[in-house]
Amino acid sequence: MNLTCQTLSIRIQYTIIIFGTNKLLKKMNITNNSNCTFCKSFEENLCHLFFDCQQVRDIWNKLETWIFETTGKIITIGIKDVIFGILSQNSYDTNIIISLTKQYISLKRYNKQQPHFTELKTYIVKYCIIKKKNFTNYDNKHNLNKTGILTKLSMNNE
Ligand SMILES: [Zn+2]
């Protein structure tokens, strides 16, 4: 399937919208506990689950460090970027990384497991490898930028 950044981003936003946080599930009387699945200390709303939670913050911080150490690019991911994606030009790779991270957090939340940065790294690198293998099936616009962040991240971790 040929997913552009835009459609991937929309797809992930949709995932979040239909995502039942513990706050929502408690409101619907599906659960008694509205606490966060990861830290169990704060109410689990979308902002907390995908950004404010210490466990998740740790993931975003390590991701920024990984990008900097691998590519030399300083990227600061804020709450708005996590919810809406980065709207500026040339943010294709970063938006893919943000989307993959959100997907990973959703998966961990769904399976009631703690998120781990090393696992997220593998998740992102695997995505890059699959993209590269399918190189001929994509036009350049939809393919990995050879000098882009995603390519560099996967090169050092294959
Ligand atoms: Zn939490």
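Start with the crossing of α6 and α7: α6 passes α7 in a right-handed crossing. A crossing is right-handed if the near helix is turned clockwise from the far one by less than a right angle, and left-handed if anticlockwise. Everything on this tour belongs to a predicted model, where local features need pLDDT of at least 70, side-chain atom pairs count only at pLDDT 80 or more, and totals for chains, interfaces and linings use all residues. Residues are numbered from 1 along each chain as its sequence is written.

**Stop 1: the helix pair**

Select residues 92-110 for helix α6 and residues 117-133 for helix α7. Helices here are DSSP runs (H or I, at least four residues), as are strands (E, at least two), numbered from the N terminus. The two helices pack at an angle of about 130°, and their axes are 10 Å apart. Axes are lines fitted to C-alpha atoms, for helices over the stretch in contact, and angles run from 0 to 180 degrees between N-to-C directions. α6 and α7 are therefore oblique to each other. Angles under 35 degrees count as roughly parallel, over 145 as roughly antiparallel, 65 to 115 as roughly perpendicular, and the rest as oblique.

Now show the contact residues. On α6, pick Ile-97, Leu-100, Thr-101 and Tyr-104. On α7, pick Leu-120, Tyr-123, Ile-124 and Tyr-127. Two residues are in contact if their C-beta atoms, placed from the backbone, lie within 7 Å. By class, this contact has seven nonpolar residues, one polar and no charged. Ala, Val, Leu, Ile, Met, Phe, Trp, Tyr, Cys and Pro count as nonpolar; Asp, Glu, Lys and Arg as charged; the others, Gly among them, as polar.

**Stop 2: Lys-112**

Move to the loop between α6 and α7, where Lys-112 sits. Its phi is positive, about 50°, although Lys-112 is not a glycine. Most residues other than glycine have a negative phi. Is Lys-112 buried or exposed? Lys-112 counts as exposed because it has 8 C-beta neighbours inside 10 Å. The cut-offs: buried means 20 or more other C-beta atoms within 10 Å, exposed means 12 or fewer, and partly exposed lies in between, with C-beta atoms placed from the backbone.

**Stop 3: Lys-40 and the annotated stretch**

Select Lys-40, in the loop between α2 (22-27) and α3 (46-52). Lys-40 also has a positive phi, about 60°, and is not a glycine. Lys-40 is exposed, with 10 other C-beta atoms within 10 Å.

**Stop 4: Ile-77**

Go to the loop between α4 (54-71) and α5 (79-84) and select Ile-77. Ile-77 counts as partly exposed, with 18 C-beta neighbours inside 10 Å. Which residues does Ile-77 touch, not counting those up to four places away in sequence? They are Trp-60, Glu-64, Val-82 and Ile-98.

**Stop 5: Phe-84**

Next comes Phe-84, in helix α5. Phe-84 is exposed, with 12 other C-beta atoms within 10 Å. Its C-alpha atom is 9.8 Å from that of Ile-98, 14 residues away along the chain.

**Last stop: the whole chain**

Zoom out. The protein chain has eight helices and zero strands. Buried residues make up 26% of its 158 residues. Of the contacts with a separation of 6 or more, 50% join residues 24 or more positions apart.
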